[in-house]
Amino acid sequence: MRAVPEGTPVFAGEPLLSVTAPLPEAQLVETFLLNQVVFSTAAASKAARVVAAAAGRPVVDFGLRRMHGTDAGMKAARAFAVAGVAATSNVLAGLAFGLPVAGTMAHSYIEAHDEEGEAFRRFAGIFPETILLVDTYDTIEGVRRVVRLARELGEDFRVRAIRLDSGDLGALAREARRILDEAGLPGVGIFASGGLDEWSVAELVRSGAPLDGFGVGTRMGVVADAPWLDAAYKLVEYEGRGRMKLSPGKETLPGAKQVFRREEGGRAVRDVIGLAGESLPGRPLLVTVMEDGARTEEGRRTLADARETFHREWEKLPARIRALEEADPPYEVQVSPRLSA
């Protein structure tokens, strides 16, 4: 098996995996490979856009409750980590993949107390460096209660941030920042959540809202705007001869392939899809990850390796490709003359 190293941005029409095996064996793994690779690719792609929109502010995965089952929640948490998401609220994913786990107090915890201030006091007593959720009743009054708690606790006050989870997040963040600063609490950050995606995060950042991080759940967790990815697993060579499909709208190119990424000045400028045996300018992307049924060294890459690959390869893409808006012109993907022939 050859594969593009995990964490590498790829483009339409490019092969992610190439499987060479006796036909029954290759056919047997089709559904599994598509299930595992396609969903994680979509989730990582969505997360990459959210992380880019956050412009350096940490993004936390809050999506488990709305995802399509526990397996999806695990796969998505890992894919999000590849794309630069800083932490997850999925504790099992944290244990399984060694991810930072993060979260805040629940609205139900506050509602279980007769007074919001008492809930803050008790929670901070258990988790001194917590993030306090201030929007259960009246957001601005909740911020003022945090200020009162700081005065009450004095040097023992170690709350790291407050969390806004509803309403006009930009306006509320500005007013909360003013209240905290006037109270001498500039070190208390402001964390936002509640129906966010890359577009709303980008707008909050663009508006200058004083936010220090984002919790993104449903829309990232279910890849709301692109919940399916049109990927295929097709026979392209058998008994030494190229094979191709000619169905209208579903044509395939024959033969085992390679993708060559051409770079200029440290930036990716175009990809060329060629035959696996070709030697073309550029860096070949597909590498051997399994041979004779055993993983190669490239096939043993870790999640940390994938995350590092993503960061390095993402930075090589032109700015217009990394932007949220549709790129004009799009990234260029060519087919080599030999493959075309």
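Predicted model: local features only at pLDDT ≥ 70, side-chain atom pairs only at ≥ 80, totals over all residues.
Helices and strands here are DSSP runs, numbered from the N terminus.

**Exercise 1. Find what happens at the start of α9, along its length and just after it.**

*Solution.* Begin at the start of α9, where a side-chain oxygen of Asp 197 comes to within 3.1 Å of the backbone nitrogen of Trp 199. Next, walk along the helix, residues 198-206: Glu 198, Val 201, Leu 204 and Val 205 are buried. Looking down the axis of α9, you find these buried residues within an arc of 130 degrees, so they line one face of the helix. Now see what covers them: the cover includes α2 (30-54), α8 (169-182) and β8 (213-216). Finally, step just past α9 to Gly 208, which takes a positive phi of about 80 degrees.

**Exercise 2. Work out how α3 and α11 are oriented to each other.**

*Solution.* Two packed helices are described by the angle between their axes and the distance between the axes. For α3 (residues 70-82) and α11 (residues 303-316), the angle is about 45 degrees and the axes lie 8 Å apart. The two helices α3 and α11 are therefore oblique to each other. By class, their contact has 5 nonpolar, no polar and 2 charged residues. On the α3 side are Arg 78, Ala 81 and Val 82; they meet Leu 303, Ala 306, Arg 307 and Phe 310 in α11.

**Exercise 3. Decide whether Thr 130 counts as buried or exposed.**

*Solution.* First locate Thr 130, in the loop between α6 (116-126) and β5 (131-133). Buried means under 20% relative accessible area. Thr 130 has 8% relative accessibility, so Thr 130 counts as buried. Leaving aside residues up to four places away in sequence, Thr 130 touches Phe 123, Ala 124, Val 159, Arg 160 and Ala 161.

Technical notes
Residues numbered from 1 in each chain as written. Heavy atoms only, no water. Axes fitted to C-alpha atoms, helices over the stretch in contact; angles between N-to-C directions. Helix = DSSP H or I, 4+ residues; strand = E, 2+ residues; numbered from the N terminus. Parallel < 35°, antiparallel > 145°, perpendicular 65-115°, else oblique. Contact = heavy atoms within 4.5 Å. Nonpolar A, V, L, I, M, F, W, Y, C, P; charged D, E, K, R; others polar. Buried < 20%, exposed > 50% of the residue type's maximum accessible area, 1.4 Å probe, protein only. Arc of directions from axis to C-beta. Polar contact = N/O pair within 3.5 Å; in protein donor to acceptor, adjacent residues only side chain to side chain.
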